[in-house]
Amino acid sequence: MHAAASTTGLILTGGGARAAYQVGVLHAIHRIRREAGAPPGNPYPVLAGTSAGALNAAALATDADDADAGIAKLVRVWENMHVAQVYRTDSFGVIRTGAKWLTMMSMGWAIARMRKLRPRSMLDNAPLHRLLAEMIDLDRIGHLVADGHLKALAVSASSYTSGTHVTFYQSAAEHEPWIRSNRLAVQGELTMAHLLASAAIPFMFPAVTLPLQGSYEWFGDGSMRQTAPISPAIHLGADRILVIGAGRMREPAGPRIMGPSAYPSIAQIGGHALSSIFLDALAVDAERLQRINATLSLIPEEVRAQAALKPVRLLLISPSERLDDIAARHLDALPSSIRALLGGIGVSGGGPGSNGSALASYLLFEQAYTRELMALGERDTHARRGEVLDFFDLEPPGSTNG
């Protein structure tokens, strides 16, 4: 009797411009697999993404029948990225949103009754709508699932209306919707609105309305209140999961300053808050899964076969360098209008430890920065080549099985 075939899931986390790192990792893994003679076809039949990771996951899903083309498209987009492709940088656009936002922060009491002056976000991400329409054809998902190239695509978002974290997923198989404390899953056809909602960085990008249980709710970035980012892939049938993070798991600690320093700016506090939203839950969930695997390994195999919990193979790849410091080196790449806007909340400097570089690391959609993150992703992955081969049950090129 043959063992059931393993199902590989790919989880891409949030992080705005930091998601360029994911593309470097994916590109390197694709090369390692090809050199090792991996079988053709989609290596990730289950895809789950959050925030910018949802955009990358959706792009891969829509090319599930041609993995080479899917990876090449992501590399091409992120290698040639410019801020103006994601949010408006023209003076009128910045004044229309960012300047109003800063005014509301400082004089909110004076304009509280003037609804027309209330901005919905600091930045206008209308250009992102056009970019996604060019790189992602969600109409293909249903056909790819039906043809067996893809099992499921999941996208997570967080409701400002009800406080519920929701995973929206499209799959041919009927999965029992999972409901946990302040978390639920909804099966159905995914749309561009789901992607924009998942990637709506709090305060920075506007919320999006989505239908939920017979009504409409306002949704923002899926990294908010996401306590179990690995969970969707497991619920959708993956028993081997590759997770690509966007920081903090392995990167070294930041510099410590002895003695008193200047009071933290809004940008520093905001960057710290976004890092907590985007990065902390993944570390906790990965540790939880590893503990479950360790516990299950102590149970006799015949007993484990009857248990509801099953061991899940996990490979987690995350940056070996601080992305905040990399962002600090590229602040000058931002358009002058955006530098001025961010300067208004405290982003300044141009080296390690720069004020607000953590916040800027999520908004720096410029090729000088994204290419460096992609290169780091490739280096980190090649440094763990053996783990990648083992994860996919591949032999190193030139080896023989005795």
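In strand β4, His165, Thr167, Tyr169 and Ser171 point one way and Val166, Phe168 and Gln170 the other, and all are buried (under 20% relative accessible area, with exposed meaning over 50% and partly exposed in between, for a 1.4 Å probe and protein chains only). Because 7 of the 7 residues of β4 (residues 165–171) are buried, the strand is largely enclosed by the rest of the structure.

The model is predicted, so local features need pLDDT of at least 70 and side-chain atom pairs pLDDT 80 or more, while totals for chains, interfaces and linings use all residues. Residues are numbered from 1 along each chain as its sequence is written, and side-chain values use heavy atoms, without hydrogens and water.

Helices (H or I, at least four residues) and strands (E, at least two) are DSSP runs numbered from the N terminus. Strands pair if DSSP finds at least two bridges between them.

| Partner of β4 | Sense | Bridges |
|---|---|---|
| β3 (residues 152–159) | antiparallel | 7 bridges |
| β6 (residues 183–187) | parallel | 5 bridges |

Thr167 in β4 is the bridge partner of Ser156, and Phe168 stands opposite Val186 in β6. The hairpin of β3 and β4 has 5 residues between the strands, and Gly163 there takes a positive phi near 80°.

Helix α5 (residues 126–135) has Pro127, Leu128, Leu131, Leu132 and Met135 as its buried residues. They cover an arc of only 135° around the axis, which puts them on the same side of α5; the arc is that of the directions from the helix axis to the C-beta atoms. The buried residues of α5 pack against α2 (52–61), α3 (67–79) and α7 (192–198), where contact means heavy atoms within 4.5 Å. Exposed Arg130, Ala133 and Glu134 lie on the face of α5 turned away from its buried side.
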